[in-house]
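Please keep the sequence and the model in view while reading.

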Amino acid sequence: MIRIGHSALVLVIVLVCGARASAQDSARLWTQKIQPLLDMHCVKCHGPLEQNGDLNLDTPEAVARGGSGGKAVVPGAPENSPLYQYLAPDSDPHMPPEKQLTEGQRSDVSEWILALGRDSAEDAGRENQPPSANPRVFSSPAEAIDAFIETGWEQRGVTPASPTDDRTWCRRVYLDLAGRVPTADELHEFLYASGANKRRNLVERLLASEAFSVHMRELWDVFLMGRGKRGNSEDRRRENGWWTFLEVGFRENRPWNEFVREMLVARPQSPSAKGANWFLYERRDNHQAIAEAVAPIVYGTKIDCAQCHDHPLAREIKQAHYWGLVAAFNRSKNAGDSSEVEESAVGGFVNFTNLRKESQPARVALLTGEVVEEAWPADGDKQEDHDENYVDPHATVRVPKFSRRAAFAQRATTDNALLARAFVNRMWATLVGRGIVHPVDEMNHRNAPSHPELLAWLADDFAAHQYDVRRLIGGVVLSRVYGLSAGADRSVAPEAFARALERPLTAEQIARSWQIVCGLPPDDDVLRREVIAAMPDVMPRDYNATFQQAQFLAESQDLAKLLKPATGNTVERLAHVDNQESRVREAFMAAFQRRPDDEEQMQALAFLASQADALDGGAGDLLWALVTSAEFLTTP
């Protein structure tokens, strides 16, 4: 229970995720401990860009190959492994130069080398085993999720948390699919529904609701565009059809690859798709900003670090990929104030220079390995533009017969496994609290998936079912892992998905849920904008509450208005409950849709006793404390 005060609220929002590995095999040790350590201290001189002594410490395979001085590691024997020996304080040579790793870091390296030895012994034993059975077949995403996650628990030696109760699950699924907590009537209807399929029935109803399409629009508006930095950014997105484009797409369950193709081509074929242009238009002809926004969508990873050289850590991301993506859009230009995006049929032949001062042509090269073929003019030749280069030379916004961005969009959204993986991983993270690959926008070889078979199956299934968004989301929320409780054992690594992970609510979820708790309709635009201004983050990589956020929660005038007694609202109802114990129970049911425990009941009663002279008997301040608490501001 939080401590409650009348004139000020002391509010602390703490989200803690365990980070300790649950199983100490070499692959997990590499990902969790060794790779970050080498990235910080060693890869600059022994990585993709430089390999002093021909030694590359970028991947386990590269480490195993060693360098010109011989083997770097002897699996199972850290005392015989130079990689470990050179870390000792009195070692000569000593690594890293002029630095000394801690005993804990040296211990991690030793533990990893020992694990390599165990893995080698297990691999040798498997060589004499018969081939594995045929690939596993599942009838639904939920079935596949349960099977792969349970296999992961067994491999990690993890006992999952118990299933959450119907009351908590209902609150969770309303927040995730409708963007708000359920009303008291909606919760009651679900709790007392009969039949074994009541969870499935609720999910199907929510997926088909208008609230779902609006909530998904709110999420993907931020994922694709970021929070607007200008005061009128939100209004411009709405007025120019961007919000409609997103909402209609999710309402109609439009295939995700078509969704993305329309954004990239920016030549809508229907009135409802008009706003697709805004993805490019808002970036105001900044072709590098466009490329950097496109990469996480179609590849699942940022490519920003490859602007001046090949990516220093993710070796598959080349400088040519960065500038190739820029080239896909560098013939495009905003068409005045119409929100349409023009494209020239000529030009855009540029070169980029690497760190060796070598000039290379920026061809439209995809991370998938494909290249959009295009004849380049000879050096010194100047291309002339002609009407015959366009489908309709008299159109207000002319369309070139060969469109670079359309050619790129076609390849990026057709048979591109990375597109499906990126969407699956981001939606998994949104609904479960962490990506199968973490961070979600860095799906490259530096960040191994925690459950590679599951990611591959879900991505393949997503593509095979025409990028069906509702099928994927429904499968996740009906899975066992989604329905777990938070559990008591926080030492289990979050990537095991053995318990419900805490997730901060978005500003939109907070605003709507406050309205519901106060007995009002869910949508209030003034309140929504105020909460967004104070809490703009959506799925932050690391969540840290700020003093400004706590101050907002304590002093918001719009929230204060909600918590004043008014005809028919929750505070008025609570104020008319004479029995203090009942008033506390009613307040907890309104805010958390559960009863208070003994300690919460005791503290709340003490607070109400101190507010006996208040007109509402302290009901408003009690409810204020509850709806600004950490429990309320996170997904249960």
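Helices α25 and α26 cross in a right-handed sense, where right-handed denotes that the near helix is turned clockwise from the far one by less than a right angle, and left-handed that it is turned anticlockwise. This is a predicted model, in which local features need a pLDDT of at least 70 and side-chain atom pairs count only at pLDDT 80 or more, while totals for chains, interfaces and linings use all residues. Residues are numbered from 1 along each chain as its sequence is written, and side-chain values use heavy atoms, with hydrogens and water left out.

**Helix packing**

Helices here are DSSP runs of H or I with at least four residues, and strands are runs of E with at least two, numbered from the N terminus. The axes of α25 (residues 580-592) and α26 come within 10 Å and cross at roughly 115 degrees; axes are lines fitted to C-alpha atoms, for helices over the stretch in contact, and angles run from 0 to 180 degrees between N-to-C directions. On the α25 side, Gln-580, Glu-581, Arg-583, Val-584, Arg-585 and Phe-588 meet Glu-600, Gln-601, Ala-604, Leu-605, Leu-608 and Ala-609 of α26, contact meaning heavy atoms within 4.5 Å. By class, this contact has six nonpolar, two polar and four charged residues, where Ala, Val, Leu, Ile, Met, Phe, Trp, Tyr, Cys and Pro count as nonpolar, Asp, Glu, Lys and Arg as charged, and the others, Gly among them, as polar.

Helix α26 (residues 598-610) also packs with α27 (residues 619-627), at an angle of about 145 degrees and with the axes 9 Å apart. Here Ala-604, Phe-607 and Leu-608 of α26 touch Ala-619, Asp-621 and Leu-622 of α27, a set of five nonpolar residues, no polar and one charged. The crossing of α26 and α27 is right-handed.

**Pocket and cavity**

On a 1 Å grid over the protein atoms alone, a cavity is a set of points where a 1.4 Å probe fits but cannot get out, and a pocket is an open set with protein on both sides within 12 Å along at least five of seven lines; lining residues have an atom within 4 Å of a point. The second largest pocket has a volume of about 600 Å³, a volume being the space filled by probe spheres set on the points, which are joined across faces, edges and corners. Its lining comprises 29 residues, of which His-46, Leu-55, Leu-57, Tyr-86 and Met-95 lie nearest the centre. The largest share of that lining, four residues, comes from α1, and the classes are 18 nonpolar, eight polar and three charged.

The largest cavity holds about 60 Å³ of space, and its lining has seven nonpolar, no polar and three charged residues. Among the residues that line this cavity are Arg-172, Tyr-482, Arg-499, Arg-503 and Pro-636.

Pro-96 lies in the loop between α3 and α4 (103-126), whereas Asp-415 is found in the loop between α16 (404-412) and α17.

**Confidence**

The chain averages a pLDDT of 90, with 94% of the residues scoring at least 70; pLDDT is the predictor's confidence in each residue, from 0 to 100.
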